[in-house]
Structures are given as C-alpha cells and as structure tokens.
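User: I am new to this structure and would like to learn how to read it. Please take me through it one feature at a time.

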Amino acid sequence: MGYDYGKNRSEHPEPMQAEVKGSLPEWLQGTLVRNGPGLFSVGETSYNHWFDGMALMHSFTIKHGEVTYRSKYLRGDTYNSNMQANRIVVSEMGTMAYPHPSKNIFSKVITFLNHTVPDFTDNCAGNIIKYGNDYYATSETNYIRKIDPVTLETQDKVDYQKYIAVNLATSHPHYDKEGNTYNMGTSIADKGKTKYMIFKIPAVGKSGSAESPALKNVETICTLPCRSLLTPSYYHSFGMTENYFVFIEQPLKLDILKMATAYLRGVNWASCLKLHPEDETLIHLIDRKTKKQVGIKYYTGAMVVYHHVNAFEEDGHVVFDVIAYDDNSLYDMFYLDKLKEQDTSGPSKTFTKPKCKRFVLPLNDKGEAGEDLVKLKYTKASAVKEKEGKILCQPEVLTEGVELPRINYHYNGQKHRYVYLTAAEKAESTMITKLDVETKQRLDWAAENCLPSEPVFVPRPGATEEDDGVILTAVINSSPGESDYLLVLEGKSFKELARVYVNVELHIDMHGYFIPQND
C-alpha cells in the first residue's frame, strides 16, 4: 500500500464527531494534539522534502467516552506569505525558495541578504510542546508559534532570541514533576563563540499575552563549547535524569559558511549538513546541581541519533537509551522524489536500519587502562578506560528497526522497563511495538492496509505499574470502504480497546502531546 506523501491535505477546523467502536476507559479524558507536514505545493511551486511541508495540526478530544476531531493549518508568517504570493516564497531546510523571475533586482538582492544570514521559517511542523501554561507548535528554528490546543488557532509568534541567544532549539524538551521545562539550543558565532546551551523555563510564568510568554523567565543552566566554531553538531533531542543531562555531540555537522552561501550556489541548507564518519561521537554529562560538565571524557564511534528514549541513574552509572543510525540516510529517504521511487520499487536500499542502543556511563573513572568500568550485571554495554583517561563506550543493542520512541513519561529520568515504538523498515510504519528492555521481548500491533503513527502512552490516573494505561496512535487505513481512525490499545496486553473512526483523511504526522482534561 502506498501513501502519497506529496499530496496536499484538507483541513477540518470545525469539531467533528467521531465514531467509537469498542470501549474507551472512563478515566481517559483529554486531548491528543499532533503535528506534521500537510501542504506540499503552492501554486506552481512544490517542496522538495517531506519535512518541509507546511504544518497541519490535528487533535482528538476524548470526553465521557465520546471523541471529536479537528485539524487546522498553522497560520504562521510562512503560511501567510506563501498563500498571499500563491507560491513558495519562504525557504525550508530541504527547499530553497527563489523570487519569481519577474521580480526586480532590488527584491532579488533583499532575498539574497535574507539567506546569507538566514531569517528562518516559522513553519513549526515538528511537535507540540508546553512552556509554562502555554502550548506551542515547534520545529528547530528560533521561532515557535503559540497555539490554542482546543481550537488549534495560531496565536503569538515567539522568537527565542529575544530571551536567550540560540539560533536553533530542539522540539523535544523535558518536563519535571513541578512543571518546569528544560530544553537545548545552539548559539552560533555569538561574540566569536559557538556553543550549546541548556536552559530552563520555570513552571510559574505569566501567561496570556504576547508581552509575557513563559520564556520571559528563562534561565540558562549551562553552556558547552562546540568542538569547532563554524561546524556545530546537529542534534534533535537530549537526555535528562534526576541529577544529570546527557548530550550527544555527534559528528553530523552543520557547515555555517556553506549555509551562508547556499542560496547563491543554488543548493538547499540540508546539503550543508554532513556526517563525518572519521570523527568520534562525544558524550557530555552535565551535573544539574553544579551546572557544570562532569570531568570524565566519554566517547563512542560515529553515529546519528535523532531520538533519545530515556535516561536514568543506577549504582554509580548513568544509563541512557537512544535510537541510532550508522549514517544520515534517514533524512535523504524523505525527499519527495525518493518517496515516490520507494512507492514503485520498494524500500530504499540505501536506508540503514536504526537500532535501539543502550549506553552506560560510569560516574567513577578509577580503574586500570583497558578495564571495563561498567559494573551493572544486566547489560552488555561497556565503558573501557583508555591510556589517555578517556572512556570508550560501546552500546548494547536492545532491538532493531524501530523509531519514534515513547515511554510512560512518569518514568522519565527513572529506570523504565517498557518502550513504545513504530517499526522503521522503510519510510512509512506498518507496525507499532511494545519493547520490554529487560527481557528484549516485543509485543506488536499491525493491521492489513494500516499505517500507525507515533504511539503515545497515557498512564491511568493513580496507576502504580509502569504499563497501566493506554496507547494512542493515529492510523491511516487504506482498506476499501473503511475510514482512518485513532487506535486505543491497552497498555499491559497491547490488545485493542477501541478504534475511533473519523470521516476524514488523516495525514502522516511527526509528534504529539496528550493534554489531560484537568490541564
């Protein structure tokens, strides 16, 4: 079955009643808001890459056993500019936008200057995150857009740089039990230095006006120097435990000088992102109390990580799980012309299968050269001390061919047992799985002609067991005469509780956030 990635999707901004087949738990009350690209051509122009498509948010609101659905395009400056011009006029990572040939030379010079020191897009199609009491659509640029999570209306445009000097920031922050949010960003060539910054947005933030977003109260926790001034590492997420942050400085690097000249050279910004397989991957451990990097130098071989699974501490070690690739073929696979090729000729032969890997960092580096400092009996991961004092970390592979990991977030930063993931053998996922990281056993869900999205775990209120809850995943269903649906699985058994059918065409999206009713 082929999904048409380049097809423009329709929005449905008014709430629509969905049809529940099965039974929803009485305690399941709230809204699942998801985000991803939905519009790929404007007028006679088209995006080159699926990630570039304009953000289409959609939501499932569950209340007293009934479900309503709606979807709406993010009305950011990018969307409005493109619609007004009836062509793509704002560049994205994989698509460089050029002025219409009829534009005068002055317009062309202005466009060139805007690309030399890029004023990035506010097409925030990556995720939904929470700062203070507010919800935002995000990508990885310095712009985020506040949204109304109920109506999906687009609200204030917020520029990180007004509050903290970052040019890029992740769409995968962490939240603590007090409601504080932690995130990471990269500050490029600011006062002659390129650095990574970990920052905190306190839970108590004035909310409700453009003048006082929660970001106004941002606190810089620590800064880490980049190992090279003009080629910072690209990263998509990071890890957090009770006492530490885990940052992977991987050799997938953005070449800033090439980005500055990309427009003139007729290439996209993504071409300036290169993996350097000859370089090591540095693993930085930051103490949350001292706000400084731990003195031990950890490293591993070259790899590409987008998603951290979780991190926790045990018996003098920090353990963290990630989804890792041997190269950057994942990004290349999602160029729209390549997705069309896969649809006719099968999965990409150049795509390397991701692995769920577990790394272990010993907090004590006392030992002889050549000694494995990992003392945990249940893992095959190693951390060998070298003559120079550095520690070479080799992971244990927990499973293969999986992506988009989610856990019971109540266990974030704590030792977890279960991870919920999509199968990642090719671009679209045909299966979701529950991985037991202790036994390595998997429970799978799949249905004929169905493509499930990222599985979101919602814990039962008051639950004492990690997998006591439900999994929510939006499913594209190409079975004749059947609609797309929201699938609800029981957490323990991974068996179906309900299918919530919507009489509209859903789109494959990226990430989402479940907002409990009381929030």
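**Reading the strands and loops**

Analyst: Ile283 in β21 is the bridge partner of Ile248. This is a predicted model, in which local features need pLDDT of at least 70, side-chain atom pairs count only at pLDDT 80 or more, and totals for chains, interfaces and linings use all residues. Residues are numbered from 1 along each chain as its sequence is written, and side-chain values use heavy atoms, with hydrogens and water left out.

User: How many helices and strands does the protein have?

Analyst: Helices (H or I, at least four residues) and strands (E, at least two) are DSSP runs, numbered from the N terminus. Here there are five helices and 39 strands.

User: Which strand pairs with β21 over six bridges, and in which sense, parallel or antiparallel?

Analyst: Two strands pair if DSSP finds at least two bridges between them. Strand β18 (residues 244-249) pairs with β21 over six bridges, in the antiparallel sense. Strand β23 (residues 298-300) also runs antiparallel to β21, joined by three bridges. In that pairing, Tyr298 of β23 stands opposite Ile283. Strand β22 (residues 292-293) is a further antiparallel partner of β21, with two bridges, and there Gln293 stands opposite Ile286.

User: Is β21 mostly covered or mostly open?

Analyst: A residue is buried under 20% relative accessible area, exposed over 50%, and partly exposed in between (1.4 Å probe, protein chains only). Strand β21 (residues 281-287) is mostly covered, with six of its seven residues buried. In the protein as a whole, buried residues make up 56% of the 519 residues.

User: How do side chains sit along a strand?

Analyst: In a regular strand they alternate between the two faces of the sheet.

User: What is found in the turn between β21 and β22?

Analyst: The hairpin of β21 and β22 has four residues between the strands, and Lys291 there takes a positive phi near 65 degrees. Lys291 is not a glycine. Lys291 counts as partly exposed because its relative accessibility is 42%.

User: Where else does a residue other than glycine have a positive phi?

Analyst: Leu152 has a phi near 65 degrees. Leu152 lies in the loop between β10 (143-147) and β11 (154-159). Its relative accessible area is 0%, so Leu152 is buried.

User: How many residues lie between β27 and β28 in their hairpin?

Analyst: Five residues lie between them, and Gly389 in the turn has a positive phi of about 100 degrees. The two strands run antiparallel and are joined by four bridges. Across the pair, Leu392 in β28 stands opposite Val384. Lys387 is also placed in this loop, between β27 (382-385) and β28 (391-394).

User: Where is Arg406, and what is it in contact with?

Analyst: Arg406 belongs to strand β30 (residues 402-406). Leaving aside neighbours within four places in sequence, its contacts are Val419, Tyr420, Glu454, Pro455, Val456 and Gly512. Arg406 and Val419 are 13 residues apart in sequence, with their C-alpha atoms 5.9 Å apart. Arg406 has a relative accessible area of 22%, so it is partly exposed.

User: What share of contacts joins residues at least 24 apart?

Analyst: Among contacts in the protein between residues at least 6 apart in sequence, the share is 60%.

User: What is the radius of gyration of the protein?

Analyst: The radius is taken over C-alpha atoms, and the globule rule is 2.2 Å times the number of residues to the power 0.38. For 519 residues, a compact globule would have a radius near 24 Å, and the protein has 22 Å, which agrees. Along the principal axes, the C-alpha atoms fill a box of roughly 65 × 60 × 55 Å.

Definitions and conventions:
Contact = heavy atoms within 4.5 Å.
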